[in-house]
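This briefing describes one protein model for a reader who is new to structures. Please look over the sequence and the model before reading on.

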Amino acid sequence: MKHVRSLLALVACTGSAIACSANLALAEETANYSGKYSIQQGNHASDKQSDSTLEVVQNRDRIEITRVEMGQRTTNSYPLDGSEADCTQPGGVPSRCKGQLKEEHLVLESITVTNPRWAPSRVHVRSRWQLSADNKTLTIKTDIDFPNLAPNMRLGLSPYSPQLAPYEPGTTKYARIETP
């Protein structure tokens, strides 16, 4: 009976040690996006984005992103636990935003309410960030959806409208120019 208890205690300690090691390994594998990035030339959908930079400060709980375009700075802080926070889109449009680290990706989402003439609508912007293996290139894939509009009404809304600036659907690459 004593041997069984000792064996169970050993198994429990070994299991705890393995679980702690796995958690530490996952924590070390989480990408750190902190740094300054410049859009890669020839890799933007509009002239407005041609001088775009991102300044990113990441800690365990939040990621703060300052987007600089045409001299305009917009800073938002995204909680990384999936909860929502108030954000401001360029041009002062208020929205709700959240962030989450998922494996090797950072997923940022925002919901903005727009007021087209016929009815208010929600615009859902989802950006998936991924760093290259050498941490020198940031690839951002952006999708835009209008969740509460019927498909036939979505045709009247352009994802390139001022309310969505600087978000344009597609993939954009940035070069890391500074690392803290």
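In which sense do E1 and strand E10 pair, and over how many bridges? E1 and strand E10 (residues 170-178) pair in the antiparallel sense, over 4 bridges. This is a predicted model, in which local features need pLDDT of at least 70 and side-chain atom pairs count only at pLDDT 80 or more, while totals for chains, interfaces and linings use all residues. Residues are numbered from 1 along each chain as its sequence is written, and side-chain values use heavy atoms, with hydrogens and water left out.

**Overall make-up**

- The chain has 2 helices and 10 strands; helices (H or I, at least four residues) and strands (E, at least two) are DSSP runs, numbered from the N terminus.
- Read from the N terminus, the order of elements is α-β-β-β-β-β-β-β-β-β-α-β.
- Of the 180 residues in the chain, 35% are buried; buried means under 20% relative accessible area, exposed over 50%, and partly exposed in between (1.4 Å probe, protein chains only).
- Contact means heavy atoms within 4.5 Å. Among contacts between residues at least 6 apart in sequence, 37% join residues at least 24 apart.

**The sheet**

- The 10 strands form an open sheet with antiparallel pairing, in the order E4-E3-E2-E1-E10-E9-E8-E7-E6-E5; two strands pair if DSSP finds at least two bridges between them.
- Strand E4 (72-79) and strand E5 (85-89) each have a single partner strand, so one side of each is left without a neighbour in the sheet.
- From one strand to the next, the twist averages 30 degrees; axes are lines fitted to C-alpha atoms, for helices over the stretch in contact, and angles run from 0 to 180 degrees between N-to-C directions.
- E5 is joined to strand E6 (residues 93-102) by 5 bridges, and the two run antiparallel. Glutamine 89 stands opposite valine 93 in E6.

**Strand E1**

- In a regular strand the side chains alternate between the two faces of the sheet.
- E1 and E2 run antiparallel and are joined by 4 bridges. Here glycine 35 stands opposite valine 56 in E2.
- On the E10 side, isoleucine 39 has tyrosine 174 as its bridge partner.

**Salt bridges**

- There are 5 salt bridges in the structure; a salt bridge is a side-chain nitrogen of Lys or Arg within 4 Å of a carboxyl oxygen of Asp or Glu.
- One of them joins arginine 73 and glutamate 55, at 2.9 Å from N to O. Arginine 73 lies in strand E4 and glutamate 55 in strand E2 (residues 53-58), so the pair ties together parts that are 18 residues apart in sequence.
- Arginine 73 counts as exposed, at 52% relative accessibility, whereas glutamate 55 is partly exposed, at 23%.
- Another joins glutamate 84 and arginine 96, at 3.4 Å from N to O. Glutamate 84 is in the loop between E4 and E5 and arginine 96 is in strand E6, 12 residues apart.
- Glutamate 84 is partly exposed at 44%, and arginine 96 is partly exposed at 34%.
- Lysine 141 forms a salt bridge with aspartate 143, with the closest N and O atoms 3.1 Å apart. Lysine 141 is partly exposed at 34%, and aspartate 143 is partly exposed at 36%.

**A polar contact**

- Threonine 142 lies in strand E9 (residues 137-145) and is buried, with a relative accessible area of 7%.
- The side chains of threonine 142 and serine 127 are joined by a polar contact of 3.3 Å. A polar contact is a pair of N or O atoms within 3.5 Å; within protein, one must be able to donate a hydrogen and the other to accept it, and residues adjacent in sequence count only if both atoms are side-chain atoms.

**The aromatic pair**

- A search of the whole structure finds 1 aromatic pair. Rings of Phe, Tyr and Trp (its six-membered ring) pair if their centres lie within 6.5 Å; planes under 30 degrees apart count as stacked, over 60 as edge-to-face and the rest as tilted.
- Tyrosine 33 and tryptophan 129 form this pair, which is edge-to-face, with 6.0 Å centre to centre and 75 degrees between the planes.
- Tyrosine 33 lies in the loop between helix H1 (2-29) and E1, and tryptophan 129 in strand E8 (residues 121-131), so the pair ties together parts that are 96 residues apart in sequence.
- Both tyrosine 33 and tryptophan 129 are buried.
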